[in-house]
Amino acid sequence: MSDASLLAANVRTEFGKGAARRTRRDGNVPAVLYGHNEEPQHLSIDARAFAAILREHGTNAILNLDIAGKKQLAMTKSVVVHPIRRYIEHADLLLVRRGEKITTDVPVALVGEAASGTLVQQDTIVLSIEVEALNIPDSIEVSIAGIEAGTQILAGQIALPKGATLAGDPEALIVNIIAAPSAAAEEGDDAEAAE
């Protein structure tokens, strides 16, 4: 994602559960913006616009906040969603600067089909990388096209986007390609289990 999504934010002067409820009732999300050793700012952002940005860009979305006419770049650090009603209850935002590198988790997307007769086990669904804040990829593609059984793909073997470096363990198992059990082997297992 190269450009930040513009989002108007208002400074909140009321705090606590009642104030947060009123903020949500007005169609907004209570949020806290912090980072760079600055005082945390309590904000109110439009719930629909914020949800649309998250749907389009995921939780690594860079937001271009307009706080009383002052523009600030921020990244979504955490989002609390109501477990039943599924609305956004609260968001923590992290202040970022152009050119600044940050460490974040990016989803791993498998592309292609492994060799026939194999099973693909994806051990890790995200990769921790260090990357410039405005160049966070939506996902990192890992090709498994034609890969044979017995192949393992480790974090350190994955090609990262330009300017990104691996922040996690290079030995972490991401994908394991194994031989698919045959029908005869499964019947044998069932027979053993029956005994």
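This is a predicted model: local features need pLDDT of at least 70, side-chain atom pairs count only at pLDDT 80 or more; totals for chains, interfaces and linings use all residues.
Visitor: Okay, and what is phi of H36 near?
Guide: Phi of H36 is near 55°, which is a positive value in a residue other than glycine. R86, in the loop between β5 and β6, also has a positive phi, of about 65°, although R86 is not a glycine.

Visitor: Which class does each one fall in, exposed or partly exposed?
Guide: H36 is partly exposed, with a relative accessible area of 28%, whereas R86 is exposed, with 58%. The classes are buried for under 20% relative accessible area, exposed for over 50%, and partly exposed in between (1.4 Å probe, protein chains only).

Visitor: Let's zoom out. How many helices and strands are in the chain?
Guide: The chain has three helices and 13 strands, and its C-alpha trace spans about 70 × 40 × 25 Å along its principal axes. Of the 195 residues in the chain, 34% are buried.

Visitor: What share of the contacts links residues 24 or more positions apart?
Guide: If we take the contacts in the chain with a separation of 6 or more, 63% of them are between residues 24 or more positions apart. A contact here means heavy atoms within 4.5 Å.

Visitor: Back to single residues, then. What does R97 touch?
Guide: Leaving aside neighbours within four places in sequence, R97 is in contact with H36, E38 and A133, so you meet H36 again here, as a partner of R97. R97 itself lies in the loop between β6 and β7.

Visitor: How do the side chains of R97 and E38 meet?
Guide: They meet in a salt bridge, at 3.7 Å from N to O. R97 lies in the loop between β6 (88–96) and β7 (101–111), and E38 in strand β3 (residues 38–46), so the pair ties together parts that are 59 residues apart in sequence. Both partners are partly exposed, R97 with a relative accessible area of 43% and E38 with 39%.

Visitor: What counts as a salt bridge, and how many are there?
Guide: The rule asks for a side-chain nitrogen of Lys or Arg within 4 Å of a carboxyl oxygen of Asp or Glu, and by this rule the count comes to two. One of the two joins the side chains of K71 and D66, at 3.7 Å from N to O. K71 is partly exposed at 49%, and D66 is partly exposed at 23%.

Visitor: Why can such side chains pair at all?
Guide: Side chains of opposite charge can pair when their charged atoms come close.

Visitor: And Q72, is that one buried or exposed?
Guide: Q72 counts as buried because its relative accessibility is 12%. Q72 lies in strand β5 (residues 70–81), and, not counting residues up to four places away in sequence, it touches L33, Q41, L63, N64, L65, I67 and L95.

Visitor: New topic, pockets. Which residues line the largest pocket?
Guide: The lining is made of R24, G27, N28, V29, A47, R48, A51, Y87 and I88. A pocket is an open set of points on a 1 Å grid over the protein atoms alone, where a 1.4 Å probe fits, with protein on both sides within 12 Å along at least five of seven lines, and lining residues have an atom within 4 Å of a point.

Visitor: Which element gives the most to that lining?
Guide: Helix α2 gives the most, with three residues, and both β2 (28–35) and α2 (47–57) supply at least two each. By class, the lining has five nonpolar, two polar and two charged residues, where Ala, Val, Leu, Ile, Met, Phe, Trp, Tyr, Cys and Pro are nonpolar, Asp, Glu, Lys and Arg charged, and the others, Gly among them, polar.

Visitor: What about A47, what does it contact?
Guide: A47 lies in helix α2 and, apart from neighbours within four places in sequence, is in contact with G27, N28 and V29. A47 counts as partly exposed, at 24% relative accessibility.

Methods. Residues are numbered from 1 along each chain as its sequence is written. Side-chain values use heavy atoms; hydrogens and water are left out. Helices (H or I, at least four residues) and strands (E, at least two) are DSSP runs, numbered from the N terminus.
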